[in-house]
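I opened this file to look up a few contacts and links. My entries follow in the order in which I made them.

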Amino acid sequence: MRGFACAHAEKRHRLDRTFSSLSKKDCIGRYYSKDAKYRPFSALLPEGSSGKMLYVKLVLVLLMCGSFMGLLHSPSIHLADEHHHTKAAQVSKASWMSHPDAPNAGYASTLKIDWSQIESAVGHVAAPAEGSGGGLRVALLNFDAGEVEQWRARLPHTDATTVHLPHAGSNVTWAHLYPEWIDEEELYGKPSCPQLPAPAVAEKEAYDVVAVKLPCGRAASWSKDVARLHLQLAAARLAARHGRRRGSAAAAAHVLVVSRCFPMPNLFKCRDEVAPARRGDVWLYRPDAAELDQKLALPVGSCQLAMPFAALAGSPPHASPAAPPRREAYATILHSEKLYACGALVAATSLRLAAGHSQRDMVALVDETVGERHRAALTAAGWKVRPIRRIRNPHASRDAYNEWNYSKFWLWALTEYDRVVFLDADLLVQRDMSPLFSMPEVSATGNAGSYFNSGAMVVEPSECTFRLLERHVGDIESYNGGDQGYLNEVFAWWHRLPSHANYMKHFWEGDTPERADAKRKVLGADPPVAMAVHFVGMKPWFCFRDYDCNWNAPELRQFASDEAHARWWEAHDAMPVGLRGFCLLDERQKALLRWDVARAKEANASDGHWRVRIADPRRRICAGGGEGEACREREIAGRKVEGNRITTSYAKLIANF
């Protein structure tokens, strides 16, 4: 499952320099040993070998090779195996070419089945009741003819039937199912998805077990394969539609998955595994039929909105109080009090204002780097503080921005809740987000390419999903080096929310004036139209409140919005006075801001923000407390960095998620 593509910066929402610590040696020479040396053929001969002797030996070797090749291509061997080996070679090549933008990698799997694992799994399926007529009815999906015969020979007590699944055309790629952009507001037409053919079965056919064999390439983005997705959705459709012929109508058929790689965890949930049936490359599930029906009603990919744009309206923020939802919560994560505590405090305030009388829990997961003082402030803001241990990203460099962001996996450990809406600490909630609780895991807004943005998403906590995420950190690589890339590999089948659910404060260089103006209108709309605004770039609490300081740095101007900046400070001012002290600027950051202003002035930046007279009262407040000599010493220390703006610590203040 480990990918071979080098981690790269996400161009839409991330700064290139954030990745300056990533080593390029992982891309250059990955396939070459540093000690490898090329030697001439003569260097491989034993010492003292003569040319004549070499000639005799070479002739003998050629004769032996000719005899072996003749035997290999004899009819008794070649005719029996030609089809199998040719097919296996084609499938192997295709599986390694799996890529989001490549044609289908192929439906066939080269996995050699361990039939004892199949027998053990089927043994955990309850036998039909007496007098019901026959044994277990099994649908075999994507097994070749030889494997079907093997099944019938080794499990003669089952009534196994091959189900034909017409393949998706080679013109259907992952990028067709998961496009970067769709017309969410249907200004030019309603978005549509490619059709994936349904399994060819009679309407009245019913099965006790649906067995499916899945391909699994070991290349980058191995999970983003059209054939693999199609087969799993087809198996789920058979299980939900036909269910068990006998027993509860709510029970779906068992689903038996044969694959090297784990199935989609938000379709076939690990909590639905039949324990202890799991062995090696075989999974056995007993899913709920109604839940499968709900999931299968969703669009096949992010090519259509899973939640209608109009559904964002939700309920009015100040509706009459209702019974508190018992098994739903909002959650955020902090693994740096210095960088994100202020953001989490303001996010809590904005969430409570927007949610009105909602009594859903708000949970803040904090690691050991967040001290008691900040934990008390989070509690005062409305968060239920939950301590966690940090989870290290094994592919990250020491002290890199993404070293500990796999701590986000702890969201799945919040098992006292059925559903959690996660919010990054740099989000400002503007409207009631409760409509998101109607969505399944993982629902999120789109990011660049075929990926979702993990800054706001719907998850369904499960202890076994948490263990799955932890278990594969060493063999799944993230496309962007962080949790977002990792989660996109695990949850390749995700559901698109309207962009207004997690609206990026970001202007593309290629944006037309009309497009940029439309974004400014969304960010400045009153009343708000976006559910939440995501503050990529320099965070508002690291700026003076007078204007968005992203204007002063050329590489950050794409993230500048005075409208969004002013809206964030309105939420800040709604906090209790005692909490505002956690948003003060230290002297070093003040010096860096002054440095930016000086450079913008030198360049005579056309936006003219450098001309604004700074009136932010935090400019004269000493963040560390105290006044007089102690504060002046800190200011002097801060000024020393003005000539060396680009530092590792400063880069950490840039947007990372």
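Is W493 buried or exposed? I find W493 buried, because its relative accessibility is 1% (buried is under 20% relative accessible area, exposed over 50%, partly exposed in between, with a 1.4 Å probe and protein chains only). Before going on I note that this is a predicted model, where local features need pLDDT of at least 70, side-chain atom pairs count only at pLDDT 80 or more, and totals for chains, interfaces and linings use all residues. Residues are numbered from 1 along each chain as its sequence is written, and side-chain values use heavy atoms, with hydrogens and water left out.

I located W493 in the loop between helix 11 (483-490) and strand 13 (495-496). Helices (H or I, at least four residues) and strands (E, at least two) are DSSP runs, numbered from the N terminus. I then listed what W493 touches, leaving out residues up to four places away in sequence: Y178, L229, L233, M264, N266, L267, K295, P299 and V300 (contact means heavy atoms within 4.5 Å). I also looked up P265, which is 228 residues from W493 along the chain, with 9.1 Å between the two C-alpha atoms.

How many disulfides does the rule give? I count five, a disulfide being a pair of cysteine sulfur atoms within 2.5 Å.

The link of C216 to C261 has an S to S distance of 1.6 Å. C216 sits in the loop between strand 3 (209-213) and helix 6 (226-242), and C261 in the loop between strand 4 (254-258) and strand 5 (282-285), so this pair ties together parts that are 45 residues apart in sequence. C216 counts as buried at 6% relative accessibility, and C261 counts as buried at 0%.

C270 is joined to C464, S to S 2.1 Å. I put C270 in the loop between strand 4 and strand 5 and C464 in helix 10 (residues 463-471), so the parts tied together are 194 residues apart in sequence. The link of C270 and C464 is right-handed, with 90 degrees about the S-S bond. C270 is buried with a relative accessible area of 15%, and C464 is buried at 15% relative accessibility.

For C342 and C583 I read 2.0 Å between the sulfur atoms of the disulfide. This pair links distant parts of the chain, 241 residues apart: C342 is in helix 8 (residues 337-355), and C583 is in the loop between helix 14 (577-580) and helix 15 (587-602). Why is the disulfide of C342 and C583 called right-handed? The torsion about its S-S bond is about 100 degrees, so it is right-handed. Both ends are buried: C342 at 2% relative accessibility and C583 at 1%.

Two packed helices are described by the angle between their axes and the distance between the axes. For helix 8 and helix 13 (residues 562-573) I noted an angle of about 80 degrees and axes 9 Å apart. This makes helix 8 roughly perpendicular to helix 13. Axes are lines fitted to C-alpha atoms, for helices over the stretch in contact, and angles run from 0 to 180 degrees between N-to-C directions; 65 to 115 degrees counts as roughly perpendicular.

Which residues of the two helices meet? C342, V346, T349 and S350 in helix 8 meet W568, A571 and H572 in helix 13.

I found H374 in helix 9 (residues 372-381). H374 is buried, with a relative accessible area of 14%. Not counting residues up to four places away in sequence, H374 touches E337, A341 and F582. H374 and A341 are 33 residues apart in sequence, and 7.1 Å apart in space, C-alpha to C-alpha.

Entry 5, strand 9. Strand 9 (residues 419-423) is mostly covered, with four of its five residues buried. Strand 6 (residues 328-334) pairs with strand 9 in the parallel sense over four bridges (two strands pair if DSSP finds at least two bridges between them). I noted V421 in strand 9 as the bridge partner of Y330. Strand 12 (residues 452-459) runs antiparallel to strand 9, and four bridges join them. There, the bridge partner of L423 is A456 in strand 12.

Key:
Parallel < 35°, antiparallel > 145°, perpendicular 65-115°, else oblique.
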